[in-house]
Amino acid sequence: MDDKNTLHVRCGSDIRDGLKQAGFIGDFLEFSDPFCQGPVPDLPRDAFIETRAAFISGAYDLPGDAALERLRREYDALGRLGQYDHVVLWFEHDSYDQLILAFLMNAIATIQPETNIDVISVNHAPASEAIDRFIGLGQLSLDGLIWCWQNHRMPLRTDMLTFGTKVWKALRADDPRHLKTLAEQTTAPLPHMPAALKRHLAELPDPQTGLGLTQKLTLQIIKDQGPVTVGKVFGHLMRRYDPLPCLGDLMFWSEIQWMMDCKDALFTLSASDPKTNWAEQTITLTTTGHETLAGRRNFLDNFTGVRWVGGVLVSP
């Protein structure tokens, strides 16, 4: 399939071992800056990386120096794409993947590496996989990864680079209207991008409730299923409630913590032992949570923190 002068680029490490086991022999690069969360400002490269590292460190409770070192290593690696004869970008259809794909389109258009580049972008698994709900490439078997290679690999085209660059520029703007225009395209060179952008834009506050979609769905799950553990809320969100799930577990926990930045609590967390893992803590909706979910209170009147949707600042 590939050769030793091939580089496989993926926004995570979920298929790294699977590719080797399936018979791929090229190098692997993980680029996993989660642009679907946190500030994505229009800043010069070094300042941008530092801003992203500070967010990742704070949101996911990671050492700041390690977060910055990792991001610098991943961003620097993109400058070496031209050292390979063949580069393959592996992405699925959610906003986590597609926003990183938009960034890569802009980066590749800027770097202009002299190499053969293919894009794999999928929104479903083959029927033979028997997956109830396809969320990501990490769910696929070895045969499923080979199926992606054989059926969903396409050469990178100039119109893909142009469209992705437009998306990346619009994502970093403090006004979401241009991104909304791109999300409304019925056909796009990157076919899964518009739906991912719509899901991303749904994180902007609803006028009536002040909630982003993840926040709203979280409260709805607690109301429907609770009291329930935070881990089970995350499971319900991924399997049933979210129309296009994109969060990892630590990313979801950061959403819970942002929702706790308020004057009147939306929910309570209880644990018999203060050392209890967050996923095992029971979460219960409060009266304020019920009223906010119903639209009788606006969360932004209650919110005391800061939240970002791309380049858009959401504040009290």
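**Salt bridges in the chain**

Author: Arginine 72 pairs with glutamate 50 in a salt bridge, with 3.6 Å between the closest N and O atoms. Arginine 72 lies in helix H3 (residues 64–78) and glutamate 50 in helix H2 (residues 45–59), so this pair ties together parts 22 residues apart in sequence. Arginine 72 is partly exposed, at 41% relative accessibility. Glutamate 50 is partly exposed too, with a relative accessible area of 41%. Note that the model is predicted.

Next comes a buried pair. Glutamate 203 and arginine 199 form a salt bridge, their closest N and O atoms 2.7 Å apart. Glutamate 203 has 8% relative accessibility. Arginine 199 has a relative accessible area of 5%. Buried means under 20%, so both residues qualify.

A further bridge joins two loops. Aspartate 264 meets arginine 297 at 3.0 Å, N to O. Aspartate 264 lies in the loop between helix H11 (249–259) and strand E8 (267–270), and arginine 297 in the loop between helix H12 (287–293) and strand E10 (307–310), so the pair ties together parts 33 residues apart in sequence. Aspartate 264 is partly exposed at 35%. Arginine 297 is partly exposed at 27%. Elsewhere, salt bridges with shared partners link Arg10, Asp14, Glu92 and Asp97 into one network.

The count for the chain is 19 salt bridges. The chain carries 30 positive and 40 negative charges, and their mean positions are 4 Å apart.

Technical notes. Residues are numbered from 1 along each chain as its sequence is written. This is a predicted model: local features need pLDDT of at least 70, side-chain atom pairs count only at pLDDT 80 or more; totals for chains, interfaces and linings use all residues. Side-chain values use heavy atoms; hydrogens and water are left out. Lys and Arg count as positive and Asp and Glu as negative; His and the chain ends are not counted. The place of a charge is taken as NZ of Lys, CZ of Arg, CG of Asp or CD of Glu. A salt bridge is a side-chain nitrogen of Lys or Arg within 4 Å of a carboxyl oxygen of Asp or Glu. Helices (H or I, at least four residues) and strands (E, at least two) are DSSP runs, numbered from the N terminus. Buried means under 20% relative accessible area, exposed over 50%, partly exposed in between (1.4 Å probe, protein chains only).
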